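Let's take a friendly walk through the inside of a protein model. Have the sequence and the 3D view ready as you read.

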Amino acid sequence: MCQLLGMNANTPTDVMFSFTGLACRADEHKDGFGIAFFENRGLRHFIDHHSARHSPVAGLVKNYPIKSDNVIAHIRKATQGRVALENAHPFVRELWGRYWVFAHNGDLKDYAPRLHGAFRPVGDTDSERAFCWLMQELAKAHASVPSIDELTHTLRELLPQPARHGTFNMLLSNGQALWAHGSTKLCALERRHPFGAATLADEDLSVDFGQHTTPNDRVAVVATEPLTTGERWSAFAPGELRVFVDGARAC
């Protein structure tokens, strides 16, 4: 299975501490990686079909102090689709004049949704097919950008359909919110004042968030498995959808 990382914050935030922890798991999940940073309506998108442990692109990202209020990252262990650049997550599409970013952890068996709109996969993964279908159905359900509550309601109706075909842990964002759906393994935490210290679970690296934040900052982090020790991670129930806005859980 792949590994997911998502971040949502109320102010542009550096995600490199969490990304370093994610990249430490790339020895097993060595079939590619990717990360997307929203900056207002713009997007910085980095992918590679090489391991995040050894990729020069991952090295660039680790040393590039990008700050964002919505981030999605992924390290891949291929189940469907060959190891190739076009199959690296996260995937990006445009809808209603906004970028949408999607990453998936799981394996969907016999999943061949009917795609009859403008959204078609470039690669050959079940994940990208699910994303294209999801974008197609969202476009059919709404004529223009709906509210976050409306989008959440529509997603609650749509997501059980691909989830019936297997494991469907996923992250989705349009730069306004972060949606996270748990099928098997997914967990989240929220950091807020008073901020404390945390240590990566897979690397001897700690950070005192109190030295880098203000009392008004809020940050939500979603991951396949807890990235840190000494913090309270909350596991998703099977089939649970959570949405995070401005660094806090909205529903």
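## Rings and cores inside the model

F37 and F46 are both buried, where buried means under 20% relative accessible area, exposed over 50% and partly exposed in between (1.4 Å probe, protein chains only). This is a predicted model, in which local features need pLDDT of at least 70 and side-chain atom pairs count only at pLDDT 80 or more, while totals for chains, interfaces and linings use all residues. Residues are numbered from 1 along each chain as its sequence is written, and side-chain values use heavy atoms, with hydrogens and water left out.

**Aromatic pairs.** A pair of aromatic rings is described by the distance of the centres and the angle of the planes. Rings of Phe, Tyr and Trp (its six-membered ring) pair if their centres lie within 6.5 Å; planes under 30 degrees apart count as stacked, over 60 as edge-to-face and the rest as tilted. By this rule there are five aromatic pairs, including these two:

| Pair | Centre distance | Plane angle | Type |
|---|---|---|---|
| F37 and F46 | 6.3 Å | 85° | edge-to-face |
| F102 and F168 | 6.4 Å | 35° | tilted |

Where in the chain do F102 and F168 sit? F102 is in strand β6 (residues 98-105), and F168 is in the loop between α5 (160-163) and β7 (169-173), 66 residues apart. Helices (H or I, at least four residues) and strands (E, at least two) are DSSP runs, numbered from the N terminus. F102 is buried, with a relative accessible area of 0%, and F168 is buried too, at 1%. Elsewhere, ring pairs link W96, W100 and W179 into a cluster.

**Nonpolar cores.** A nonpolar core is a set of buried Ala, Val, Leu, Ile, Met, Phe, Trp, Tyr and Cys residues joined through side-chain atoms within 4.5 Å. The largest one has 27 residues, and W100, M135, L138, L155, L172 and W179 touch the most other members. Which element gives the most to this core? Helix α3 does, with seven residues. A second, separate core of 24 residues includes L5, M16, A73 and V221.

**A buried glutamine.** Q136 is found in helix α3 (residues 126-141), and Q136 counts as buried because its relative accessibility is 3%. A polar atom of the Q136 side chain lies 3.1 Å from the backbone oxygen of R114, and the Q136 side chain also reaches the backbone nitrogen of G117 at 3.2 Å. A polar contact is a pair of N or O atoms within 3.5 Å; within protein, one must be able to donate a hydrogen and the other to accept it, and residues adjacent in sequence count only if both atoms are side-chain atoms.
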